[in-house]
Amino acid sequence: MGICSVATGQTTVYSPRADDISLTIYRDGFALITETRTVDLPAEPVTVVFQGVVDALLSQSAVMLGMERPLAETNFAYDRLTPLSLLERSVGKTVTLVRTNRQTGVVTRTEVTIISVEDGVVLETPDGSEAFKCSGLPERLEFNEVPPELDADPTLSARLAAGAAGKRTVKVSYLAHGFTWSSDYVARVDPSKSRMDLTGWVTLRNDTNTSFRQAHVQVVAGKLHLLSQDEGGSEPPFDSSLHDLDETTDPAVNRHDRLRAREEEPVLDGLARLEKCFPLDDAKKVQPVAPTMRLSPSPVFHDIPASLSEVMVTGARVIREELGDYQLYRVPWPTDLNARQTKQAVFLSKPRVKVERIYSVRLDSLEAEEPEPADAPNVMLRWVNNKSSGLGEPLPAGEFRVFEPAGEGVVFAGEAHMTDKPVGLPVELVFARAMDLDVEYTMEELEPDEAEEEASRDSDAYDPDRIRLRAVHRFINNKSMPVTIEVRHAGGYGWTTPEVIRSNVRAGRRSGEAMFRLRVPAREERSLRYELQAESVYD
Amino acid sequence: MGGRRGIYLIALALVAPVASGQTASSPQPTSTPPPVQVTTEDKDLYLTVYNRDLALIEHVRAGNLPAGRHRIEFKGVSARIVPQTVSFGASGLTLIEQNFDYDLLTPAKLMEKAVGQKVRIVRTNPGTGAETSESAEVLSTVGGVVLRIGDRIEVLRDDGNPARVIFDKVPENLRASPTLSVLADAARPVNSDIRLSYLSRGLSWTADYVAVFNEAAGDTSLQGWITLDNQSGTSFANARVQLVAGDINMVDSVEQWWLRFNSRRQTNARRTAGVERSAREQLGDYYVYPIDQRTTLANNQKKQISFLSADRVKASKAYEQSFYGFASSDEPVAAEVRVRFANSSAAGLGSELPSGVVRVYARDARDQPQFVGEDRIDHTSAGSELALKIGDAFDVTVQPTVVRTSRVDWGQGEYEMQYVVRNARSSPVTVTIRQLGMLRFNEVTAESIKGRRTDARSYAWDVPVPANGEATLSFTVVQRWW
């Protein structure tokens, strides 16, 4: 393996900004940012510095295409301005120590040199060496300037070997955390309850401090295999505020507080470190320090007024294409995505999709016991995601909200989380529990058939553990419309597939289980009767 | 930090001994401190970086010393040095004492070093604001600072009132930059290199790969990058770097590891004498990757160095899904997507690949590469096959159904399984369905597609599925409990 690096000290070419920017947002809390930049390369070895890249970039993910020259090294440099970094970068520099006499109000200004910033700050004053903030006097430091390396934009640089000179259009791409998107569905079921109007919204969010102007934005629907950062991967650390887009409907203040808390922590750690002094008695350690004496942290925090975190709802339709084994949705024209902004666009609108609205019950035990009264039948929407149903579009995972007509208006009937649904897939979503549909379950264990018993006694064969169950379920429909009920009955682990001995409704099968379907007219009741027989597989 | 960049040489900057005039003579009586030589510039610098948080660092510095006893201070060593592992070598120099008395200059250390010394205490009267200054001797700093002021003993700021402590000077061995000092005798004037080596924390490296997979062409490009991360607190200029791949996590302390490393180094040296071995093998179970040219690694910097660039490596895509046991699911399960390629010269690659994360990209309709997933590869020698799991297919799903469970005989159950594989893509796919938990006493008695036993506990079937269509795999397994 030949690892090549080029000696330092050559020409540097700066690229101050991107000509064009493309943002591909993934559901997992990150984005792939692709910047198109123009650079003019000399023939000799050169360092290209891309300025103003996103500060949250993952440097190991950076890819540069179109240089037409061998790449030797890349480098990501960014130092955030914090009270700690300001002090650390000022070691050896002359600053002003300002002391205020609490009693007389006299302010003393002294030129001092910072000689160490470790666990505490040591200063060289005209009198000798002193520890900063250990005397109990109100004191602060005044800096003349922000050290240039802290003032700079985050930069990504690449060192190139010698090669052909000339202008190049380069694509610089990298992953950056702090972005997410999700899809939400609104289904309006029509009064016949056999059709729905389906609208899909894509909600994307930029939780970084970087604003993007006129960016090409796309989102990828797919479950990517990602590794945690401990394993060297790209997965963002878990952050509930990024994973829960529902939060955007909460007062922005909450999110703002969370973000503040996120940023405040490491900075305060640093500050606490710097306030370490000589050993004092424990009682003295908690010596009150007037808040004004602290290095004021306020300028480095992003005090974004709540109004700036508004939700932008656009009427834009997005265009879908396949990306490998995922779906990619493209906002067809360049759009702005500002720092801490949430944006929504419609990606799907399908009227009159054929659906079935049914009540379902699943019993999974052959023991003669009554199911819990709380087990009201599930209310379920079922359809097939194909053209003949009036749909046939990939449906990325998201929250699915169902609205139904009620009287003059519409009510919110419930919601469900839907997983990715490709074209051709049957879809079942349980969005509510039944109301006004009462069920009485009755199950009794029958004695094994006399004749059968006799037969088995005569044979030498081992008599298996056999169970026979009679079920009578009464459904009372108090609604003003008919309902369709599906009842499934499974044997449970260790039992053979239950055999339907007899039933008053024709037995079918679903997922390998016995299934009965019956319709109960409005304000009437019906009973379902059946007998199941199963044997223990291994006894 | 960048001050040393690009400069190679320079030697011991001779700092004139402060007090004594008798600089270079025979060893000094202990009462007179030896002259102090300060060296800051590396003539050469070798970094051997291990995967996780460890490096072997060797500084080569020009020695230019008159005969006599010297205290030599090495500035610019790693701040995360493990002092027990320091070793020092120079011809003509005899080591008397080796101290890493580097202490960070902090207020607490400053006070500690002032024990027995005079400091000045400036108090501010809380009522009037008037300042008074007194000389004090520091008696103790344990659990609080005890001072002797005149004939009184008191505790610093016991009353909670403001009191400034002014120190005359910063003690010699409290420094703002990491320094190692040794006490050595030179029998005659020394004019040769001094080598200083030690282990340090804070340095690590990882390998990262970028693969742009072209499904239509059946190939992938593969670029490899080494990321060197320097969190050691010190910058290293123009270093010769080599990387060692190997897991040293099994030992619980650096010191133990160092002992083992040394003994291994000795045994290996013996072996090399007998049998000719390449340099790469000398570290036994480790792989060593030298970086061709010198590199500068600033503190707090992550630097990436290209080490591999291959185009048109033959690659293909595969779908698979594994199921443990026999169960039905109303919810179809997405198939996993894998990108397979061979690390062989025939396939367009064939170099040793250090363990690392491969990020896979695919081009979208506008020919722009988009990220599609990542996976880790282990250290891969040439000739190995690789299969990267990149994600779940949106459009390819598998839905398992237990069609029937029945009893064959005592302790024997029969499971009739059905896997419906759906493909919403516009091209046909083949999905490998793996049934796990298929131990020796599970027997496939019927199958709609010929399957194969893949190992002692799994069975696999390759199910071809037409474009925009579905296919069903059915099989029956008899399971015995004995």
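**Exercise 1. In this predicted model, determine how strand β17 of chain A and strand β26 of chain B pair.**

Solution. Step 1: locate the two strands. Step 2: read the sense of the pairing. Step 3: pick out a facing pair. Lys223(A) has Asp392(B) of β26(B) opposite.

**Exercise 2. Describe the contact between chain A and chain B by residue count, leading element and class.**

Solution. Step 1: count the residues on each side. Chain A contributes 89 residues and chain B contributes 99 residues. Step 2: find the leading element on the side of chain A. Strand β6 (residues 71-77) of chain A gives the most there, with six residues. Step 3: sort that side of chain A by class. Its residues comprise 37 nonpolar, 36 polar and 16 charged ones.

**Exercise 3. Classify Leu323(A) as buried or exposed, and list its contacts.**

Solution. Leu323(A) belongs to strand β19 of chain A, residues 319-323. Step 2: apply the cut-off. A residue is buried if 20 or more other C-beta atoms lie within 10 Å of its own. Leu323(A) has 23 other C-beta atoms within 10 Å, so Leu323(A) is buried. Step 3: collect the contacts, leaving out residues up to four places away in sequence. In chain A, Leu323(A) touches Val220(A) and Leu328(A). In chain B, Leu323(A) touches Ala362(B), Asp364(B), Gln370(B) and Val372(B). Val220(A) and Leu323(A) are 103 residues apart in sequence, while their C-alpha atoms are 8.0 Å apart.

**Exercise 4. Summarise chain A as a whole: its elements, burial and contact range.**

Solution. Step 1: count the elements. Chain A has six helices and 34 strands. Step 2: take the buried share. Of the 539 residues in chain A, 36% are buried. Step 3: take the contacts between residues at least 6 apart in sequence. In chain A, 75% of these join residues at least 24 apart.

**Exercise 5. Identify the residues that touch the most other members of the largest nonpolar core, and examine one of them.**

Solution. Step 1: name the residues. The largest nonpolar core has 176 residues, and Ala176(A) and Val431(B) touch the most other members. Step 2: find the leading element. Strand β17 (residues 203-214) of chain B gives eight residues to this core, the most of any. Step 4: look beyond the largest core. Another core, of 27 residues, lies apart from it and includes Leu84(A), Val121(A), Val122(A) and Leu105(B).

**Exercise 6. Work out the surroundings of strand β31 of chain B: its partners and its two faces.**

Solution. Step 1: pair β31(B) with strand β28 of chain B. β28(B), residues 429-436, runs antiparallel to β31(B) with eight bridges. Within this pair, Asp462(B) in β31(B) lies opposite Thr432(B). Step 2: pair β31(B) with strand β30 of chain B. β30(B), residues 452-455, is antiparallel to β31(B) over three bridges. A hairpin of two residues connects β30(B) to β31(B), and Arg452(B) has Ala460(B) as its bridge partner. Step 3: separate the faces of β31(B), residues 458-465. The covered face holds Tyr459(B), Trp461(B), Val463(B) and Val465(B). The uncovered face holds Ser458(B), Ala460(B), Asp462(B) and Pro464(B).

Definitions and conventions
Residues numbered from 1 in each chain as written. Chains lettered and ligands numbered in written order. Predicted model: local features only at pLDDT ≥ 70, side-chain atom pairs only at ≥ 80, totals over all residues. Helix = DSSP H or I, 4+ residues; strand = E, 2+ residues; numbered from the N terminus. Buried ≥ 20, exposed ≤ 12 C-beta atoms within 10 Å, placed from the backbone. Contact = placed C-beta atoms within 7 Å. Nonpolar A, V, L, I, M, F, W, Y, C, P; charged D, E, K, R; others polar. Pairing = 2+ DSSP bridges. Core = buried A, V, L, I, M, F, W, Y, C linked by C-beta atoms within 7 Å.
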